[in-house]
Amino acid sequence: MSGRKPGFVDEAQAAPVAEAPRRPVLLEPLPGAPSAIEPEWAPGAVRQRVGTSSLAWLVGGVALLLLGWIGLSAVELVLAAFDRAAAYGWAASAVLGAAAAMIFWALSVEWRAWRALARVDRLRALLEGGGLEPARAAALGWVGQVSARLRDPAAARAAVGRAGSVVELRAALQLHVTGPLTEAAGQAGQRAALQAGALVALAPHPALDALLAGWRGVRLVREVAAIHGLRPGAVATWALARRVVATAAGTAGVELLTQGLSDQLLQHMPVLRHVAGAVPGATLAAVRLYRLARVTAVACSPLSGGRM
Amino acid sequence: MAGLLDTLSAPLRRVGGVAWEAVERAVNEERIHLAVTGLSRAGKTVFITSLVENLLALAGGRDTLPELRARLEQGGANRLVSVRLLPSGSLALPRFDHEGHVAALAGREASWPGRTEDLAALSLEIVLERGSAVGRVLGPRRIRLDILDYPGEWLLDLPLIGMSFAGWAEAMLARLRTPARAGAAEGFLRFLDLFDPEALADEALIRRGHALYREALEALRGRMGLRYLQPGRFLNPGPRGEVPLLWFFPVALRGSPRPGSAGALLAARFEAYREEMRAGFFEGPFRDFDRQILLVDVLGALHAGRAAFEDTADAIADLCRGLRGAPGWLGWGRSPIARVAVVATKADHVPALRREALLHLLRALTERGLEGRPGGNSDGVSLHVAASIHATRDGKVPLGGRDVEVVLGVPVGEDRARPYFVGDVPPGWPPEGFWSGDYFELPVFRPPRIEAERGVGVPHIGLDGILVALLGDLL
Ligand SMILES: Nc1nc2c(ncn2[C@@H]2O[C@H](COP(=O)(O)OP(=O)(O)OP(=O)(O)O)[C@@H](O)[C@H]2O)c(=O)[nH]1
Ligand SMILES: [Mg+2]
């Protein structure tokens with residue numbers, strides 16, 4: 001094939017008809033041959049999930065419309081106030097300015113929460129397959145973030161500093177940081193379980209059960225996140241909740257769900273046992289909340305947990 | 001009453017937990033046993049390593065397996081959630097040293113994995129988003145791939161499972177006495193002339209015969225590139241090394257041997273060997289496969305000459321028959337393997353333009369093995385040309401007065417790239433005039449330097465197509 005052009009057999013470049021088969025040969029290096037071969041292979045990036053559905057565009061459009069309308073009418077309001085009297089105008093400006101500052105503050109809280117979540121994700125990726133030094137730096141940052149919850153932050157920092165490999169680094173974090181945090185999350189879960197159990201027992205109508213448990217669940221997610229140094233605002237809570245769902249559905253969650261948690265929980269909480277005996281739905285709500293705490297802890301932790 | 005409930009509730013809840021787990025598994029988890037089959041040096045270990053590394057990289061957002069990625073895409077969104085190596089749990093088999101193989105490939109002096117000496121297992125979990133909105137309610141789907149790596153030589157004991165000593169010895173001796181092989185087996189064949197299986201068993205003499213037989217097998221493998229060499233553990237004894245049940249060799253028996261005779265001892269050892277391979281390998285970890293990959297070193301066989309090529313075709317034919325579990329062949333039934341991908345490996349030794357011919361040659365080589373598959377020859381069988389690790393680059397150099405297509409690679413142990421001209425690759429069973437009688441060994445090129453940082457994948461040719469053909473219906 002190669003080099004053999006079609007043509008008449010008496011032409012010079014054409015192959016003779018009954019040519020002997022050509023044998024394989026390893027030829028001598030050409031002048032200037034490279035010392036290594038890099039194949040032409042450059043995989044691009046996979047387009048990640050682009051979740052912008054038509055609904056999202058709709059919501060975005062409506063939000064923009066509302067915000068624009070509010071902003072423009074605010075400016076108009078201030079201008080109109082100045083037209084009436086200067087003092088009146090200043091008062092209007094002050095009110096609007098204060099409102100804007102509050103909104104801005106809320107946004108910055110959201111932004112910081114979002115950043116903190118991203119940092120944990122980055123650390124998780126580094127711990128799963130990154131260089132030791134970047135992982136160590138990220139781990140130290142995270143220890144700083146949660147140090148308020150640790151019994152001995154200095155020991156945690158020292159252990160992280162001493163780790164000689166990523167595997168050891170994971171172990172150090174597990175021992176000094178995520179262990180205590182998971183414990184704290186478990187306690188938060190138990191508290192929530194108890195409250196929910198009691199609430200459900202008191203609820204006048206079974207239809208309210210889900211509502212109560214749901215409300216307590218959102219609070220619990222935020223509590224556990226706070227334990228892990230994340231102080232999520234509304235948006236970050238939403239992001240976190242999705243992550244929790246993914247964790248529960250994914251690999252880590254299944255293991256958690258099948259640990260006989262309900263037995264464990266009931267053993268530790270005699271009060272709940274009594275409530276459970278009286279109101280059937282109560283245990284279920286309680287156990288669910290307790291599990292939620294555990295799964296959230298996994299989702300917030302840079303160790304374990306499915307890759308997001 | 002309350003006391004009774006209390007005592008009952010814990011076990012009940014535990015049962016509930018187990019049941020829930022089982023239901024969840026049934027709905028969301030699919031477990032696939034993938035048989036990576038191939039004769040020795042076909043490229044099994046390299047294939048598994050590259051496959052796993054590229055899947056991990058794909059999950060990390062690198063487009064390492066484009067065809068598979070396209071398959072996983074839906075409305076522009078990627079349904080792949082994650083891929084991970086499962087922890088080994090309480091596995092009784094050694095774990096496939098994926099990290100070690102990758103580290104060796106990525107090292108400064110990049111090196112290929114050595115010969116596999118024992119079984120090694122690996123499980124991979126692929127988590128996928130479901131396609132339909134209704135399905136999403138159930139949560140992501142998990143596909144668990146169980147992969148086994150093993151010494152290729154052992155696989156050839158599969159056809160031996162259904163045989164008696166006399167039958168096996170007769171077939172083996174007939175093979176050894178063919179003109180092409182008799183030279184390499186000369187020492188053993190001369191020994192047989194003076195060996196009397198009816199005589200009283202003499203341990204020293206039997207061990208001598210065993211050593212000579214093993215030498216013959218080694219010569220056939222090393223000097224002629226043959227593959228159909230039985231028993232497999234003579235060439236690759238495995239972790240337990242030399243055990244007495246290995247000390248036998250084929251010898252023609254007249255009728256059934258007298259108890260206490262050498263022939264009886266050889267037959268007893270053969271049977272013990274056969275039973276051990278059956279129980280410890282083929283009925284153990286090698287059982288129950290859903291999908292099969294058959295890796296074939298087509299080029300190696302082609303270059304090694306006619307005897308090696310025919311030998312490879314025979315080996316594959318008998319292997320496939322064994323794996324299909326034709327009644328009477330193996331003592332146990334198998335559920336049919338749903339899909340088989342037949343792959344010509346090391347295709348990076350062939351310039352891109354000629355890989356088509358390699359595919360046709362592969363078809364010719366494996367034809368006998370694949371015919372008679374239940375549901376027809378082509379049902380669920382796909383043919384591929386692939387390189388698990390692309391170690392070369394295409395180029396053109398002048399040869400014999402004209403430019404020819406070559407591949408450029410750095411041979412192991414050298415420090416400059418050399419062009420390799422693969423010669424003619426016949427697009428079908430090679431015609432009579434093709435064979436020259438020389439034995440040419442495929443050059444071993446240094447693997448390309450891959451980045452030590454994990455998750456970037458390994459350059460390959462065609463692995464994605466294999467995955468789609470093999471697992472496409474599950475994705
Ligand atoms: N260039 C190139 N060489 C390959 C490729 N795959 C395998 N090889 C070569 O083939 C050799 C054998 O590959 P292995 O994967 O170790 O073969 P195996 O089937 O595991 O062999 P056993 O363990 O002995 O049964 C390697 O050492 C490489 O030199 C490939 O994709 N490209
Ligand atoms: Mg191997």
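Reader: Before we start, when do two strands count as paired?

Author: Two strands pair if DSSP finds at least two bridges between them. Keep in mind that this is a predicted model. So the number to look for is at least two bridges.

Reader: Okay, how many bridges join E4(B) to E5(B)?

Author: These two strands run antiparallel. Pairing needs at least two bridges. For E4(B) and E5(B), the number is five.

Reader: Which residue in E5(B) is the bridge partner of Ser82(B)?

Author: Strand E4 of chain B covers 80-85, and bridges join E4(B) to E5(B). The partner of Ser82(B) sits in E5(B), and that residue is Val127(B).

Reader: What is the strand order in the open sheet of chain B?

Author: The sheet has seven strands, and their pairing is mixed. From one strand to the next, the twist averages 20 degrees. Laid out side by side, the order is E4-E5-E6-E1-E7-E8-E9.

Reader: Which strands stand at the edges?

Author: An edge strand here has a single partner strand, so one side of it is left without a neighbour in the sheet. In chain B that goes for strand E4 (80-85) and strand E9 (381-385).

Reader: Which residues are the protein donors of the magnesium ion (ligand 2)?

Author: Donor atoms have to lie within 2.8 Å of the metal. Two OG1 atoms lie 1.9 Å from the magnesium ion. They belong to Thr45(B) and Thr116(B).

Reader: How many residues apart in sequence are the parts that this pair ties together?

Author: Thr45(B) lies in helix H2 (residues 44-59) of chain B. Thr116(B) lies in the loop between helix H4 (98-106) and strand E5 (120-128) of chain B. The pair therefore ties together parts that are apart in sequence by 71 residues.

Reader: Are Thr45(B) and Thr116(B) buried or exposed?

Author: A residue needs under 20% relative accessible area to count as buried, and over 50% to count as exposed. By that cut-off, Thr45(B) and Thr116(B) are both buried.

Reader: Stepping back, what share of chain B is buried?

Author: Chain B has 16 helices and twelve strands. Its accessible surface comes to about 19,100 Å², with 55% belonging to carbon and sulfur atoms. Out of 475 residues, the buried share is 57%.

Reader: And what share of chain A counts as buried?

Author: Chain A has eleven helices and one strand. Along the sequence, the pattern reads β-α-α-α-α-α-α-α-α-α-α-α. Of the 308 residues in chain A, the share that counts as buried is 38%.

Methods:
Residues numbered from 1 in each chain as written. Chains lettered and ligands numbered in written order. Predicted model: local features only at pLDDT ≥ 70, side-chain atom pairs only at ≥ 80, totals over all residues. Heavy atoms only, no water. Donors = N, O, S within 2.8 Å, 3.2 Å for Na, K, Ca; no water. Helix = DSSP H or I, 4+ residues; strand = E, 2+ residues; numbered from the N terminus. Buried < 20%, exposed > 50% of the residue type's maximum accessible area, 1.4 Å probe, protein only. Axes fitted to C-alpha atoms, helices over the stretch in contact; angles between N-to-C directions. Areas by Shrake-Rupley, 256 points an atom, 1.4 Å probe, with all protein chains shown as cover.
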